[in-house]
Amino acid sequence: MARSYRKTPITGMTTAKSDKRFKKAEHRRERRKLKVTDLTDDTPPDPKSFGNPWAGEKDGKQWIDPTKSPKLMRK
């Protein structure tokens with residue numbers, strides 16, 4: 001492949017295999033909050049207030065130096 005190298009020296013940084021646990025917990029928290037909210041009097045909670053992707057287990061990026069680690073620049 002001619003274009004099998006990264007053009008931007010940014011790579012992900014995580015030790016978690018998936019976000020499934022985080023997403024399940026956040027969706028459960030949202031459902032519980034919605035259940036206790038009286039929708040006849042109040043407005044429903046904003047869905048964006050639950051499940052912040054930056055607070056998840058698989059968040060984070062790191063810059064790498066392509067001259068020091070050329071193997072990380074491979075796709």
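**Close-up views of a predicted protein chain**

**View 1. Ser4 is a buried residue of the predicted model, with a relative accessible area of 9%.** Buried denotes under 20% relative accessible area, exposed over 50%, and partly exposed the range in between (1.4 Å probe, protein chains only). Ser4 lies in the segment before strand 1 (10–12). Its side chain forms a polar contact with the side chain of Arg74 at 3.4 Å; a polar contact is a pair of N or O atoms within 3.5 Å, of which, within protein, one must be able to donate a hydrogen and the other to accept it, and residues adjacent in sequence count only if both atoms are side-chain atoms. Leaving aside residues up to four places away in sequence, Ser4 touches Met73, Arg74 and Lys75, where contact means heavy atoms within 4.5 Å. The model is predicted, so local features need pLDDT of at least 70 and side-chain atom pairs count only at pLDDT 80 or more, whereas totals for chains, interfaces and linings use all residues. Residues are numbered from 1 along each chain as its sequence is written, and side-chain values use heavy atoms, with hydrogens and water left out.

**View 2. Lys71 is an exposed residue in the segment after strand 2.** The relative accessible area of Lys71 is 77%. The C-alpha atom of Lys71 is separated by 9.4 Å from that of Tyr5, and the two residues are 66 residues apart along the chain.

**View 3. Lys48 occupies the loop between helix 1 (20–36) and strand 2 (61–63).** Helices (H or I, at least four residues) and strands (E, at least two) are DSSP runs, numbered from the N terminus. Lys48 counts as exposed, at 74% relative accessibility.

**View 4. The protein chain as a whole follows the pattern β-α-β along the sequence.** The radius of gyration is 20 Å, well over the 11 Å that the globule rule gives for 75 residues, so the protein chain is more spread out than a compact globule. This radius is taken over C-alpha atoms, and the rule is 2.2 Å times the number of residues to the power 0.38. The C-alpha atoms fill a box of roughly 60 × 20 × 20 Å along the principal axes. Of the contacts in the protein chain with a separation of 6 or more, 76% join residues 24 or more positions apart.
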